[in-house]
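Please read the following report with the sequence and the model side by side.

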Amino acid sequence: MSTSLFQVDLSGVLKVLSDSLYSSYQVFIRELLQNSVDAIQARKNLNHEFTGKITVSYFDKGDEKTLIVEDNGVGLTLDEVDEFLSKIGSSSKRNQKVNRDSFIGQFGIGLLSCFMVSEEVVVISHSGKTNESVKWVGNINGTYQKSRIEDDLAIGTSVFLKIKEDVHFDYDLIVELLHKYADYLDTDVQFIYNGIEKESFNKLFPWEKATLDDSVLRLGREKFNEDFSMYFMLKDSSGQNQGIAYIIPRKTHYGTVNAHQVYIKRMFISDKSNEILPEWAFFIKAIINSSNLSPTASREELYKNGVLDKTKIDLGNCIKEYMMDLGANSPESLVKLIKIHGEALKSLSLEDESFLKFIAQWFVFPTTEGNLTLNEIRKKTKSILYISDLDEFRQVLPVAKANNQLIVNAGYIYDTEILNKLKEIDKKYNYQLIDIEYYGNILSDLPIEIYDAIQSRVVDLQFHLEDFLCELEIKSFEPEKLPAIFYMSQDSMLERDLTNIKEESDDLWSGVTDSLFSFNKQYLSKLFLNYNNPLVVKILTSKNKDLDKVFVQMVYVNALMMGHYPLKNTELELINSNLLVLLEKAL
């Protein structure tokens with residue numbers, strides 16, 4: 001069996017690079033800078049005494065534009081030129097045995113990106129290992145030439161590109177790209193335009209300075225176009241991922257995906273990264289430099305692996321520690337933060353029990369006495385009652401206020417889950433979810449002698465509510481003008497909705513609902529009559545039972561409407577039928 005080499009269509013490969021791998025032809029600048037930085041690092045690994053330097057020269061003669069990128073890195077031998085520049089997918093970094101992790105690139109396809117802007121790529125290099133000089137010329141048609149040259153060159157490599165006419169490239173664009181990719185490299189990058197030196201690119205990240213100052217906020221505002229006022233240092237446990245976290249100064253919604261700016265070994269990788277922070281941290285935008293994360297082949301995203309997973313957890317813990325520090329040293333700042341991003345912090349607290357124990361006291365809940373922090377609620381009562389449904393809370397609100405009963409409205413996102421969790425872990429207080437079984441406990445029981453005296457009348461009235469699966473109870477509560485309140489479980493709400501559907505649908509849909517849902521015949525709602533109400537007292541103490549049905553069913557429907565419960569057809573009919581009974585009695 002003979003062995004053959006793949007025949008590579010370079011133009012086809014370039015189409016894949018431009019259409020699928022790289023987001024823009026402009027990344028060729030990053031690829032050239034990356035190769036230069038890695039070459040300088042490779043030379044440092046040989047223990048050469050030198051100061052790394054990269055020069056980017058741009059010559060614009062109108063009809064001819066040339067870009068030259070030079071470095072004083074390790075350089076290439078003739079064999080290395082053949083291996084690493086002429087074989088697609090090969091990488092000089094792959095065979096480096098010493099300190100391989102110090103390199104930015106790992107994939108060996110970066111030079112191909114140059115063909116997106118130039119028909120020809122010329123590389124001239126002098127090796128710091130063999131002291132030989134070589135020249136390599138690659139062509140867009142897939143051919144290349146290589147040779148040794150006798151020029152007396154300094155150690156390093158120069159790449160020459162003649163920019164294609166149909167490629168947008170000018171002075172402003174290259175300055176913009178150099179700021180994007182070269183600003184924070186630890187190697188000095190000089191930019192020369194038409195032979196005149198214009199700028200140098202080499203500065204510290206804000207968190208590397210002796211003290212954090214206003215430049216941190218300026219950087220955040222420039223990068224994210226947000227008027228930040230709060231920020232803090234981000235650092236993982238390994239110390240290999242550091243940066244600045246900016247707190248978004250406006251309310252953000254759960255599920256918001258923020259784009260963070262990520263550098264790897266000081267080289268800009270992406271301003272659209274959404275993998276480096278936990279999902280719950282949607283109130284933060286970050287700038288992060290990593291020394292241990294890996295880029296994907298395009299070097300525009302982070303490679304998903306265990307290192308990234310651990311980094312995400314570590315940086316999440318750093319965010320939590322910041323919140324705890326605010327609580328201890330700047331509580332007013334934490335209150336401000338929760339006011340804007342309470343939803344995000346509640347989401348976070350449900351994932352971390354220790355964080356929940358700390359931050360729960362700062363959370364604000366609507367109650368029958370207005371908006372209160374949990375800490376304020378705890379000072380008022382040891383028994384924290386809460387309702388998980390907004391409509392149920394609205395129904396009980398006037399009764400609770402009239403009876404000076406503090407109840408928490410936990411009908412907003414995360415609130416019920418948080419109080420349920422605190423019920424498990426905070427044994428100092430009694431957390432009680434008000435459901436149909438507990439609801440009557442917030443109302444006052446009757447004295448036993450009164451209860452015994454009216455019990456038979458309660459049984460009489462109960463008979464007229466059987467068809468509605470509603471249980472009747474007698475309680476005493478304020479305001480006295482309210483004759484009754486109605487409470488319905490979530491199961492009963494579902495049953496009512498399905499009953500309405502069945503009543504208004506054909507047999508097919510009725511059969512479908514029967515097959516999907518079934519309910520035991522039990523009391524799923526309660527009607528609490530108020531013994532403080534004169535009308536209720538009159539009915540309960542009357543020996544005339546003629547109007548029992550009319551009374552209890554009219555009170556039932558009235559309580560439903562006051563509780564904003566939708567009425568079924570049969571309940572709507574009660575209004576008409578009972579009004580007719582009253583009219584007949586009157587006439």
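The report below begins with the overall make-up and then turns to selected places.

This is a predicted model, in which local features need pLDDT of at least 70 and side-chain atom pairs count only at pLDDT 80 or more, while totals for chains, interfaces and linings use all residues. Residues are numbered from 1 along each chain as its sequence is written, and side-chain values use heavy atoms, with hydrogens and water left out.

**The whole protein**

The secondary structure comes to 17 helices and 21 strands, where helices (H or I, at least four residues) and strands (E, at least two) are DSSP runs numbered from the N terminus. Of the 587 residues, 50% are buried; buried means under 20% relative accessible area, exposed means over 50%, and partly exposed lies in between (1.4 Å probe, protein chains only). The protein exposes about 29200 Å², and carbon and sulfur atoms supply 50% of that area, with accessible areas coming from the Shrake-Rupley method with a 1.4 Å probe and, for residues, only the protein chains shown counting as cover. Among contacts with a separation of 6 or more, 68% are between residues 24 or more positions apart, a contact being heavy atoms within 4.5 Å.

**Aromatic rings**

The structure holds 21 aromatic pairs. Rings of Phe, Tyr and Trp (its six-membered ring) pair if their centres lie within 6.5 Å, and planes under 30 degrees apart count as stacked, over 60 as edge-to-face and the rest as tilted. Tyr-184 and Tyr-263 form an edge-to-face pair, with 5.5 Å from centre to centre and 90° between the planes. This pair links distant parts of the chain, since Tyr-184 is in the loop between helix H4 (171-182) and strand E7 (188-193), whereas Tyr-263 is in strand E11 (residues 260-264), 79 residues apart. Elsewhere, ring pairs link Phe-28, Tyr-58, Phe-169, Tyr-171, Phe-191 and Tyr-193 into a cluster.

**Burial of selected residues**

The table gives relative accessible areas for some residues of this report.

| Residue | Relative accessible area | Class |
|---|---|---|
| Ser-127 | 0% | buried |
| Tyr-263 | 2% | buried |
| Tyr-184 | 5% | buried |
| Leu-469 | 16% | buried |
| Asn-403 | 27% | partly exposed |
| Asn-131 | 57% | exposed |

**Residues in loops**

Ser-127 sits in the loop between strand E3 (118-126) and strand E4 (133-139), and, leaving aside neighbours within four places in sequence, Ser-127 is in contact with Val-74, Gly-75, Leu-76, Thr-77, Glu-132 and Ile-155. Asn-131 lies in the loop between E3 and E4 as well, and its phi is near 65°, a positive value in a residue other than glycine. Leu-469, which is found in the loop between helix H12 (448-463) and E19, also has a positive phi, of about 50°, although it is not a glycine.

Asn-403 is placed in the loop between helix H10 (390-402) and strand E17 (407-409). Its side chain reaches the backbone oxygen of Val-399 at 2.6 Å, and, not counting residues up to four places away in sequence, Asn-403 touches Phe-477 and Glu-478. Glu-478 is in turn joined to Pro-479 by a cis peptide bond, with omega about 0°, and Pro-479 is in the loop between strand E19 (470-475) and strand E20 (484-488).

Note on methods. A polar contact is a pair of N or O atoms within 3.5 Å; within protein, one must be able to donate a hydrogen and the other to accept it, and residues adjacent in sequence count only if both atoms are side-chain atoms.
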